[in-house]
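Okay, everyone, thanks for coming. I'd like to walk you through one structure today, so let's get it up on the screen.

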Amino acid sequence: MRGLLASSIGVTCAAALALPLTSTAVAARPVSPAAVRPATGAEALGGTQSLPLAPLASRDRTLAPVAEEGLPRRDVRHFSLVGVIWDDPDTVLHGRVQVRTRAAGTDTWSLWQDLEIHNDDAADPGTAERASGRVHGATAPLWVGDSDGVEVRVRAEADRRTEDTARGSRTATTTGPLPEGLRLELVDPGESAPEPARQDGAAGAPQRAVAPGSAPRSAPGSAPRSAPRSAPTADPTEVVAAMDASAANADLAGLGATEIPALDRQQTEQELFALRAGELTGQQRVKPYIGPRPRIVTRHGWGADEGLRERTFVYTKKVKAAFVHHTASGNGYSCTQAASLIRGIYRYHVKSMGWRDIGYNFLVDKCGNIYEGRAGGVAKPVLGAHTLGFNSNSMGIAVLGSFGSKKPSAAATRAVAQLAAWKLGLHGANPKGKTYLKSGGGNLYPKGKKVRLNVISGHRDGFATECPGRQLYRKLGSTRTTAARLQGR
């Protein structure tokens with residue numbers, strides 16, 4: 001059930017190269033970006049600083065030596081997202097990874113913050129993406145806001161056991177080695193795209209992000225209100241890739257659109273008939289169960305640098321299930337920074353972790369805005385890299401944030417239900433139902449096993465992980481009910 005390789009959509013003729021990447025069919029919503037340092041030229045595209053970690057001296061001399069690597073406090077170029085990678089994607093890091101950062105232009109350092117170790121979003125074993133030779137093991141990335149100083153420490157997990165000796169028993173402490181090739185990845189997401197408007201039902205106004213122990217700072221990557229947005233000159237190949245990504249949604253919005261607008265139920269049903277007329281069953285033709293299409297910010301809308309990803313699109317056969325995730329990147333972002341956060345995750349997935357594109361099919365922020373993820377068309381069954389072993393015939397929806405102890409916003413959970421009701425409806429799937437998926441291999445189910453899953457499942461249902469966090473996972477029951485109601489069931 002591998003995805004089928006597809007060539008880039010053939011609409012990028014010489015004339016298309018001359019088209020500006022601006023909204024042609026859909027007007028952008030009003031924006032109010034926060035003022036920060038201007039970004040110009042190549043700097044506007046963002047970048048990644050990759051710094052090797054080195055052994056650190058043990059801080060506690062009373063304990064047996066423990067493997068520890070890190071990077072002492074140092075000045076660096078501006079960044080907003082941080083993660084740690086290592087050479088072998090199949091090696092598990094048993095230990096703790098902590099960072100602290102300095103707010104840009106200040107002397108204020110944050111408290112130590114933990115990075116999520118078990119980053120289990122990945123392409124399936126045996127796929128071309130997984131076997132590319134470019135893939136690395138990695139922590140989840142952490143959003144820290146505009147920063148220019150960093151310190152990191154990675155400490156192996158101690159294994160305490162009791163040993164029998166001639167005089168009785170004693171406790172021995174041993175540790176396994178840390179993974180080879182540990183590196184600190186500091187991601188600058190680059191210049192911001194237009195800020196998406198806050199969705200109805202979002203609780204409260206957008207907030208300024210404040211890292212623990214630091215003063216508030218403005219959103220990185222957003223152009224000053226009083227200054228025009230400066231765009232670097234794009235390479236022709238990158239322009240073609242951008243046009244291909246936009247053309248993949250040509251049935252839904254014009255080339256260069258920053259968003260795909262919401263439709264009412266009648267319009268959505270008409271669209272369904274247009275998109276899938278030859279595939280609908282008799283029941284679907286009489287009464288299609290599909291939720292109204294929600295508004296979706298396109299890749300151009302959140303400012304994706306299309307030159308980063310692989311050019312071709314890869315599709316699976318259909319969408320039988322939706323896996324809900326959290327990004328584990330922390331909750332210290334504002335909705336005005338969501339596009340920057342997504343660009344940071346995108347760059348981390350591709351440049352640091354070695355994937356072909358961002359792993360998730362869709363992302364949702366705390367204000368209920370929905371964003372297109374992996375390129376290939378939001379109405380199409382794009383093969384993602386989100387649930388190791390179950391990427392075929394599924395889609396991944398990631399809510400921006402960490403939800404182990406913090407509850408997701410009502411706006412975010414409703415947006416997940418709206419998106420699921422529409423996308424699952426395109427493929428005739430019942431959000432309250434069950435389905436069978438064949439495992440591609442993972443730590444819960446062996447390769448080839450057919451597994452019965454909820455049509456809307458959490459990441460932990462297909463892989464032994466904490467994702468999507470206890471608080472978000474608890475919301476999936478009501479998400480299924482809401483999505484089914486939106487479909488008219």
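Before anything else, one term: when I say two residues are in contact, I mean they have heavy atoms within 4.5 Å of each other. And keep in mind that this is a predicted model.

Let's start with Ala328. You'll find Ala328 in the loop between β15 (321-326) and α6 (338-352). What is in contact with Ala328, if we leave aside its neighbours within four places in sequence? The list is Glu116, Ala140, Pro141, Gly401 and Ser402. Ala328 is also buried, with a relative accessible area of 13%. Now look at the backbone: phi of Ala328 is near 55°, a positive value, and this residue isn't a glycine.

Asn393 is another one to look at for phi. Its value is near 60°, again positive in a residue other than glycine. Asn393 sits in the loop between β17 (370-372) and β18. Buried or exposed, then, for Asn393? It counts as buried, at 11% relative accessibility.

Cys467 is joined to Pro468 by a cis peptide bond, with omega at about 10°.

Okay, charges. How many salt bridges does the structure hold? There are 16. Let me show you a few.

Take Asp75 and Arg102: they form a salt bridge with the closest N and O atoms 2.8 Å apart. Asp75 is in strand β4 (residues 68-86) and Arg102 is in strand β5, so this pair ties together parts that are 27 residues apart in sequence. Asp75 counts as exposed at 56% relative accessibility, while Arg102 is buried at 13%.

While we're on that strand, β5 covers residues 95-103 and also has Thr101 in it. Thr101 is buried, with a relative accessible area of 2%. Not counting residues up to four places away in sequence, Thr101 touches several others, including Phe79, Trp109, Val144 and Val150.

Next, Arg299 and Glu306. Their salt bridge has its closest N and O atoms 2.9 Å apart. Arg299 is buried at 2% relative accessible area, and Glu306 is buried too, at 6%. Those two also belong to a network of salt bridges that links Arg299, Glu306, Arg309 and Asp357.

One more pair: the side chains of Glu310 and Arg356 meet in a salt bridge, 3.1 Å from N to O. Glu310 is in the loop between α5 (299-302) and β14 (313-315), and Arg356 is in the loop between α6 and β16 (362-364), so the pair ties together parts 46 residues apart in sequence. Glu310 is partly exposed at 30%, whereas Arg356 counts as buried at 9%.

Last stop, the surface. Which residues form a positive surface patch? They're Lys407, Arg470, Arg474 and Lys475. Lys407 is in the loop between β18 (394-399) and α7 (410-426), and it's exposed, with a relative accessible area of 56%.

That's my tour. Over to you for questions.

Note on methods: Residues are numbered from 1 along each chain as its sequence is written. This is a predicted model: local features need pLDDT of at least 70, side-chain atom pairs count only at pLDDT 80 or more; totals for chains, interfaces and linings use all residues. Side-chain values use heavy atoms; hydrogens and water are left out. Patches are made of residues with over 30% relative accessible area and no salt bridge: like charges are joined within 9 Å, nonpolar side chains (Val, Leu, Ile, Met, Phe, Trp, Tyr) within 5 Å. Accessible areas come from the Shrake-Rupley method with a 1.4 Å probe; for residues, only the protein chains shown count as cover. A salt bridge is a side-chain nitrogen of Lys or Arg within 4 Å of a carboxyl oxygen of Asp or Glu. Lys and Arg count as positive and Asp and Glu as negative; His and the chain ends are not counted. The place of a charge is taken as NZ of Lys, CZ of Arg, CG of Asp or CD of Glu. Helices (H or I, at least four residues) and strands (E, at least two) are DSSP runs, numbered from the N terminus. Buried means under 20% relative accessible area, exposed over 50%, partly exposed in between (1.4 Å probe, protein chains only).
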